[in-house]
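Thanks for coming, everyone. I'd like to walk you through one structure today. Have a look at it first.

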Amino acid sequence: MLTSRRAIFAIIVSTLSFLMASSTAFAAYEPPRSALVIDVDRNKTLFDDNASALRHPASLTKMMTLYLLFEALDSGKIKLDTGVVASRHSADRPPSRLGHSMGETIPVDLAIDALVVRSANDVAAAIAEMLAGSEEDFAVKMTAKARQLGMKDTVYKNASGLPNKEQVTTARDQAILGMALKRDFPTLFPRFSVPSVTYKDRTWNTHNNLLEKVKTVTGIKTGFINASGFNVVTYSEEISGDKIVVVMGGRNAKERDQIAIDILNGRKPIYQLTKEQLIARNAADKAEQIAAAKAEAAEQKIAQKAADEINAAIVVAAVETKDNAEKQSKEIIASVQQAPEEKLEQAIVAAAPAVMTEPQAIAEAMANTQVASIEPQGDALSRYAIQVGALPSQERAMERLTLARPALENIADTLRQYTVPLETSRGTVYRARIIGFASMQDAFEACTLMESKKIECMALIQK
């Protein structure tokens, strides 16, 4: 019994020791850091933290793989529809993978997105074999191109960035490569902002979260292996000038992204802040976010008020324009009262408004149409509307609605119509409106249809 207890105790001690060692190792995960920001237009370093120290590139390696692929496209050696065939070697590469099985062919066009978005190691190896015969020979070409571009400390051993202790680079070399991709391939560089890739009915989204977090960012690439930590090279196109940012050795993707955002905005990276400084910064950022939200709400209120004033001004202008047109019509008729009957008829037609109505059509349409006389509220379908006229009487406004409504029957079956009175300096006018559109785009399309029928129309958003 004693022996049994000792054995159990030994197992428990051994297990606890293993767990404590594992926990310590996990907590001590400290990949070496590097960070760099360069003002591209001025070729000026804005931030440098160990930018020339050797690091492992991880999947940033695929930036050079893509550089050589873009070079082959530019020279005409290959085209976007050229097939990339998977070999046993490429298909057997460890994850991340696209699932490019041995013997299968994908176009270069898809291969580009597979490297940018999925960071597919199998596709990277297949590209290497297509361009150089083997991945080993391709790595030699990659290193040679690095030297040609001025990347003096970079050595490539594979096309994907999979672990290899001899495959090294620096943050500065990666910045040089990122700038070269933008400079040398301006028409292909936008591929680094592709948000997703689909293959065999499966879709993957980009790992580059900065594309959504920072409006000015247009790429380029992320990467991770245990030896490197979380890496990113990103390009920011700003009004003040383009910048390229490199972060290597992030503890996780979230920290890496925050470091990139901080140094891009001229702030210290979070790992250089004390606990107190970090708390103060977070509080200031929160206050700034609240202030920005309030300012945005105030701007929206001002914009809505301005839109209401513009709508009212348009209505008044429309009424005044119609009054002037009627006055001109009377003057022309008066001037030709002594003319022959045929000349009088021609003058009346020339002076008449562009929109003509048929009394019979009006009567028939009004008999089959219900018109509300108050403005609907609290209804989602009341938000988007069109206005087909501002008339001097409610009867005239209803006539206009009954002419306009039939032309919209095929657009939506939820349409409703009503008139809205508006007091102006020239008296009361009645705005003829139709609501029930699902979006502003639908309202614009309805106006296009109205204008083709020679019916005045204005799309608007109601409160």
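Start with helix α7. Its buried residues are A171, D173, Q174, A175, L177, G178, M179, A180 and L181. Keep in mind that this is a predicted model.

Helix α2 takes in residues 61-75, and helix α6 residues 135-149. Their axes come within 10 Å and cross at roughly 90 degrees. So α2 and α6 are roughly perpendicular to each other. Who makes the contact? From α2, T61, M64, T65, Y67, L68 and E71. From α6, F138, K141, M142, K145, A146 and L149. By type, that contact has 7 nonpolar, 2 polar and 3 charged residues.

Now the sheet. In what order do its 5 strands run? The order is β2-β1-β9-β8-β7, with antiparallel pairing, and the sheet is open. β2 (44-49) and β7 (217-225) stand at the edges. Each has a single partner strand, so one side of each has no neighbour in the sheet. From one strand to the next, the twist averages 5 degrees.

β8, residues 229-236, and β9, residues 243-250, run antiparallel and are joined by 6 bridges. One detail there: S236 has K243 in β9 as its bridge partner.

How values were computed: Residues are numbered from 1 along each chain as its sequence is written. This is a predicted model: local features need pLDDT of at least 70, side-chain atom pairs count only at pLDDT 80 or more; totals for chains, interfaces and linings use all residues. Side-chain values use heavy atoms; hydrogens and water are left out. Two strands pair if DSSP finds at least two bridges between them. Helices (H or I, at least four residues) and strands (E, at least two) are DSSP runs, numbered from the N terminus. Axes are lines fitted to C-alpha atoms, for helices over the stretch in contact, and angles run from 0 to 180 degrees between N-to-C directions. Angles under 35 degrees count as roughly parallel, over 145 as roughly antiparallel, 65 to 115 as roughly perpendicular and the rest as oblique. Contact means heavy atoms within 4.5 Å. Ala, Val, Leu, Ile, Met, Phe, Trp, Tyr, Cys and Pro count as nonpolar, Asp, Glu, Lys and Arg as charged, and the others, Gly among them, as polar. Buried means under 20% relative accessible area, exposed over 50%, partly exposed in between (1.4 Å probe, protein chains only).
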